[in-house]
Amino acid sequence: MKVLDPTSERAPAERARVARPPALAGLTVGLLDISKPRGNVFLDRVEELLRGRGAAVRRYAKPTFTKPAPIDVRHEISTQCDVVIEALAD
Amino acid sequence: MELPEGLVAVVKADCPTCRLVRPVLDELGAHVVSEDDDDGLELSYRLGVETVPTLLRVRDGKEEQRTVGWSRRGWEAIAETAGFGAGLPESRPGCGSRTLDPGVADELAVRFQGHRLRSRRVEFSILEDEAEAMYDRGWSDGLPVVAPTEARVLRMLGGTARDPQDVVAVVPPDLVPCTVEKAAINAVLAGCRPEYLPVVLAAVEAACTDEFNAHGVLATTMPVGPVVVVNGPVRRRIGMNSGVNVLGQGNRANSTIGRALQLVIRNVGGGRPGGVDRAAHGNPGKVGVCFPEDEEGSPWEPFHVWRGFDAGASTVTLFAGEGPRGIVDQLSRDPESLARSFAACLRTVQHPKLPMIFDALLVVGPEHGRVFREAGWSRTRLLERLDALLQLPGDELVRGAGGIAEGLPPSVAGATLPKFRPGGLLVVHAGGGAGLFSTVFAGWASGPTGSQPVTREVGT
């Protein structure tokens, strides 16, 4: 039997990760607040801990947690930061 | 394929009328195309011949006129001459074209229209059971799917006037442009009939708007999915059920249209449970929920008219909703009492202490609708009364109130807050004629930061 493929037929693009740095001192770490209630409280503490290890920290925020981050925000993070911590809390 | 010039007759061997007119065709010097050979069958298919004999007049490569069966007057007009066919009756009906024979029609469609389909062909081996093969490839929502053969997809595409390569929407989460063809393939998987396809296309388009936010509806940990409400003439045309068991099983259009939308999001958009779909519980309606409003029995104007569309238009309205739950009130015979029952139940949407965060879709049953009709309450009057009844005292909403930690910050104490944001409560009419019940779909994060109800007109 011959059928038609119902999927997007896309192969996901794969890109190599940036090498993991040995230490965070002197690097810029981006922290993205997805705009869930009290996410800022958690990120404030993370920022404090990172600064204690000698990292610079930049903070970003999505307009709403329900939608993907706008492309401008993603672009800013990729050009302004050396390291990104990707995480989600709910 | 080029058309012969002059008179062209399409015939087949086992048609008595074709045999009857054979001498006339010789007499007129007509070019005879037989459906009994492959070239003739192809030409007949391309000419859209439904009855044999069909007599055409072709001039400069273009068909000018045609007639079907045998009729002396009709043939004289086409042949632009008279006096032939002496001894033949005045008229005789023709026979069905071979192009329409069961089996042949599908085969011809695939042979001559198959190139319009751009999707990758997947061939199952003879050792594979196709139902199992489709599960194994991840194309199913967990229920059996219909194999999207070329013939079935072409038949499905017959349900729309749109080009198969038209892009319907960009589908999240992978943000993939979904063509009419891809939507049609998934409609076949879902079990749709071709006439449902325009409704599926409108639902896909509505779901993929920024307002509806299908990405968020999919990704959320809450138990919501797209709920599709259909209005307008298309409901009856495709045989939807707005009556007994309207939200349940048993009607093919109700059951498959919402499923087709969810399969598009799964297969084209790449949205799968455990992947981007992070629902803690989900709900059984995430297989697909679609139902029509009972406009004919409604005490109010059709829902789509209330939302600003013409009564003659057909629409889909998408609402991000969880599973439906009942509202029982068997004693209220006046609208004020019934509105109070509705308000008491609606307050509990998601949580009785959380106002303005969640929308709701209230499905008023016919026996409840009758109470409002007899009292002359419009939909607007009901909504205004519910809004008044659902002004909640902040003191009851703050964290800790009622011994419940969930709630709003202490700053709302002393204030009054509405349960629903303006426009956040939608009311439609549907259900079986017996039972003093209504039903409510609780919503998800509402407004521009979450999902807003979206209505789109159903095209052709």
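Mentor: Start with a term. Two strands pair if DSSP finds at least two bridges between them. Also keep in mind that this is a predicted model.

Trainee: OK. How many bridges join strand E1 of chain B to strand E4 of chain B?
Mentor: Five bridges join them. E1 covers residues 6-11 and E4 covers residues 54-59, and the two run antiparallel. Leu7(B) stands opposite Arg57(B) in E4(B).

Trainee: What order do the strands of that sheet have?
Mentor: The order is E2-E1-E4-E5 in chain B. It is an open sheet of four strands with mixed pairing.

Trainee: Which strands stand at the edges?
Mentor: Strand E2 (31-34) and strand E5 (62-68) of chain B. Each has a single partner strand, so one side of each is left without a neighbour in the sheet. Neighbouring strands here are turned by 25 degrees against each other on average, direction ignored.

Trainee: Which helix lies across E1 and E2 of chain B?
Mentor: Helix H2 of chain B, residues 38-47. H2(B) runs at about 95 degrees to E2(B).

Trainee: How is chain B divided?
Mentor: Into domain 1 (6-101) and domain 2 (135-457). Their C-alpha centres lie 54 Å apart.

Trainee: Switching to the contact between the chains. How many residues does each chain put in?
Mentor: Chain B puts in 30 residues and chain A puts in 15 residues. On the chain B side, the elements that give two or more residues are strand E9 (121-123), helix H6 (150-157), helix H7 (180-190) and helix H9 (214-219). H7(B) gives the most, with four residues.

Trainee: And what classes are on that side of chain B?
Mentor: Twelve nonpolar, eleven polar and seven charged residues.

Trainee: Which strand of chain A is joined to E9(B)?
Mentor: Strand E1 of chain A, residues 2-4. Three bridges join E1(A) to E9(B), and the two run antiparallel. Val3(A) stands opposite Val122(B).

Trainee: What does Thr66(A) touch?
Mentor: Leaving out residues up to four places away in sequence, Thr66(A) touches Asn213(B), Gly216(B), Ala445(B), Thr449(B) and Gly450(B). Thr66(A) lies in the loop between strand E3 (56-61) and helix H2 (71-80) of chain A.

Trainee: Is Thr66(A) buried or exposed?
Mentor: Thr66(A) counts as buried, because it has 23 C-beta neighbours inside 10 Å. The cut-off for buried is 20 or more.

Trainee: Where is Asn213(B) found?
Mentor: In the loop between helix H8 (197-207) and H9 of chain B. Asn213(B) is buried, with 27 other C-beta atoms within 10 Å. Its phi is near 65 degrees, a positive value in a residue other than glycine.

Trainee: Which residues does a cis peptide bond join?
Mentor: One joins Val52(B) and Pro53(B), with omega about -5 degrees. Another joins Pro172(B) and Pro173(B), with omega about 5 degrees. Pro173(B) lies in the loop between strand E10 (167-171) and strand E11 (176-179) of chain B.

Trainee: Last one. What span should helix H1 of chain A have?
Mentor: At 1.5 Å a residue, its 14 residues (39-52) should span 20 Å. Its end C-alpha atoms are 20 Å apart, which agrees. Gly54(A) follows H1(A), with a positive phi near 85 degrees.

Methods:
Residues numbered from 1 in each chain as written. Chains lettered and ligands numbered in written order. Predicted model: local features only at pLDDT ≥ 70, side-chain atom pairs only at ≥ 80, totals over all residues. Expected span 1.5 Å × (residues − 1). Axes fitted to C-alpha atoms, helices over the stretch in contact; angles between N-to-C directions. Contact = placed C-beta atoms within 7 Å. Nonpolar A, V, L, I, M, F, W, Y, C, P; charged D, E, K, R; others polar. Buried ≥ 20, exposed ≤ 12 C-beta atoms within 10 Å, placed from the backbone. Domains from an automatic or database assignment.
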